[in-house]
Amino acid sequence: MQNTTPQGTHLYVLTLQNRQQNVCTLTGTYTPPAGATRYDILAQLRVDAYRQYPSMEDSVVLYFALDANHLTGEQVAS
């Protein structure tokens with residue numbers, strides 16, 4: 001399977017929960033600016049989440065993962 005859609009250099013999963021106990025999980029790819037830290041990326045993703053889902057503005061982070069968006073090791077034969 002080949003994906004021709006441009007993707008970011010990192011894959012993220014972010015799960016938030018607001019005061020009303022609503023939970024929101026966001027996933028996607030992201031290319032951080034040079035010199036960015038994991039905290040910088042988390043902060044930016046939270047701002048992006050609040051813009052998309054205003055009810056999550058005062059939410060807490062239940063889960064955050066950020067990994068390089070590539071696989072290493074054996075290649076799958078096509």
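Which side chains meet in a salt bridge? In this predicted model, where local features need pLDDT of at least 70, side-chain atom pairs count only at pLDDT 80 or more, and totals for chains, interfaces and linings use all residues, the side chains of D48 and R51 meet in such a bridge, at 3.8 Å from N to O. Residues are numbered from 1 along each chain as its sequence is written, and side-chain values use heavy atoms, with hydrogens and water left out.

The secondary structure of the protein comes to 1 helix and 3 strands, helices (H or I, at least four residues) and strands (E, at least two) being DSSP runs numbered from the N terminus. From the N terminus on, the elements run β-β-α-β. The radius of gyration, taken over C-alpha atoms, is compared with a globule rule of 2.2 Å times the number of residues to the power 0.38. The protein has a radius of gyration of 15 Å, well over the 12 Å that this rule gives for 78 residues, so it is more spread out than a compact globule. Along its principal axes the C-alpha trace spans about 50 × 30 × 20 Å.

Residues are called buried under 20% relative accessible area, exposed over 50% and partly exposed in between, with a 1.4 Å probe and protein chains only. By this scale, buried residues make up 28% of the 78 residues in the protein. Where contact means heavy atoms within 4.5 Å, 53% of the contacts between residues at least 6 apart in sequence join residues at least 24 apart.

A nonpolar core is a set of buried Ala, Val, Leu, Ile, Met, Phe, Trp, Tyr and Cys residues joined through side-chain atoms within 4.5 Å. The largest one has 14 residues, and those with the most contacts inside it are Y12, L14, L16, L26, L45 and F64. Two or more residues of this core are given by each of β1 (10–17), β2 (23–30), α1 (38–52) and β3 (60–68), with the largest share, 5 residues, coming from α1. Apart from residues up to four places away in sequence, L26 touches Y12, V13, L14, L16, A49, Q52 and Y53.

In helix α1, the residues I41, L42, L45, A49 and Y50 are buried, and what covers the buried residues of α1 includes β1, β2 and β3. The expected span of a helix is 1.5 Å times one less than its number of residues; for the 15 residues of α1 this should be 21 Å, and the end C-alpha atoms are 21 Å apart, which agrees.

D48 is partly exposed at 30% relative accessibility, whereas R51, at 65%, is exposed.

T15 lies in strand β1 and is buried, with a relative accessible area of 11%; beyond residues up to four places away in sequence, T15 touches V23, C24, T25, V60, V61, L62 and Y63. G8, in the segment before β1, is buried at 13% relative accessibility. The C-alpha atoms of G8 and T31 are separated by 4.6 Å, although these residues are 23 residues apart along the chain, and, leaving aside neighbours within four places in sequence, G8 is in contact with T29, Y30, T31 and N69.

Notes. Salt bridge = Lys/Arg side-chain N within 4 Å of Asp/Glu carboxyl O.
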